[in-house]
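Here's a quick briefing to read alongside the model.

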Amino acid sequence: MNKEVVFISGASRGIGTAIAESFAQLGHTVIGTSRSEFKFENKQDNLIPLALDIADRSSINNCVEYLKDNNLKPSILINNAGITSDQLFLRMRDEEWDNVIATNLTGTFNLTKALIKNMIKNRYGRIINISSVSGLMGNPGQVNYSSAKAGLSGFTKSLAKEVGSRGITVNSVAPGFIETDMTSYLEGDAKEKLINEIPLKRLGSANDIADLVVFLASNDASYITGQTISVDGGLFMY
Ligand SMILES: NC(=O)c1ccc[n+]([C@@H]2O[C@H](COP(=O)([O-])OP(=O)(O)OC[C@H]3O[C@@H](n4cnc5c(N)ncnc54)[C@H](OP(=O)(O)O)[C@@H]3O)[C@@H](O)[C@H]2O)c1
């Protein structure tokens, strides 16, 4: 694999950090972002932290300027940043709907739109969206999040059809329940019950997701596009 510039949203912790470190270990230059200033614990020179709010278009514009000023042209984009704001539908407030759609779905639109032009110009690119099992099978309390993540599958398919002829692949990875801050609310009997429903009898690790993302970005995956691939221990089977 050539040494590329990789851009990962939401890399300050969890799945995003694991993806960033995996690409950095392979020698790529990695720009990892989050809303707040942060530092990678692993202080490799090729891991660059950057503050960016993907739901805020002025923040995206600042980021594009930073990339231009530093002659960084990402050819691999991982749309990983995501939030949950769970609530039963009848109690769901407008802001809970709006914020989740703004980050998980519109944020992916905003960032992809900003970075895809260079990929089209170079006739090469990899775009990988981090979706969720919740967008495939639904989950009570997550009408907002499931809608946003299901939207990513449509986004992935349509964009894959538009840019395939330019050498760009677009895929989604749908994690099941992965041990990160996002799932830290799971404990006790509820966690045990969930694990029992997973054929592989464990929650996933952030590295389980990073391994597939690195593969999808590699030359070995050059004939895969428009797909949503689950990494969920078998929790949801099509
Ligand atoms: N963990 C799971 O079980 C699971 C399952 C299915 C899917 N996923 C998906 O996997 C992705 C990563 O999840 P995770 O578990 O690693 O989550 P996490 O530990 O909560 O980390 C989320 C990351 O996204 C960043 N972020 C949130 N909103 C942002 C915004 N508007 N702009 C830029 N960055 C933003 C966060 O940093 P700041 O808060 O500092 O901005 C953080 O770096 C998400 O898309 C999530 O929906 C996770």
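Seven strands make up an open sheet, ordered S3-S2-S1-S4-S5-S6-S7, with parallel pairing. Strands are DSSP runs of E with at least two residues, helices are H or I runs of at least four, both numbered from the N terminus, and two strands pair if DSSP finds at least two bridges between them. This is a predicted model: local features need pLDDT of at least 70, side-chain atom pairs count only at pLDDT 80 or more, and totals for chains, interfaces and linings use all residues. Residues are numbered from 1 along each chain as its sequence is written.

- The edges are S3 (47-51) and S7 (228-231), each pairing on one side only.
- S1 (residues 5-8) and S2 run parallel and are joined by four bridges.
- Isoleucine 8 sits opposite glycine 32 in S2.

**H3 and H5**
- The axes of H3 and H5 (residues 143-163) come within 9 Å and cross at roughly 20°; axes are lines fitted to C-alpha atoms over the stretch in contact, with angles from 0 to 180 degrees between N-to-C directions.
- H3 and H5 are therefore roughly parallel to each other, the term for angles under 35 degrees.

Key. Angles under 35 degrees count as roughly parallel, over 145 as roughly antiparallel, 65 to 115 as roughly perpendicular and the rest as oblique.
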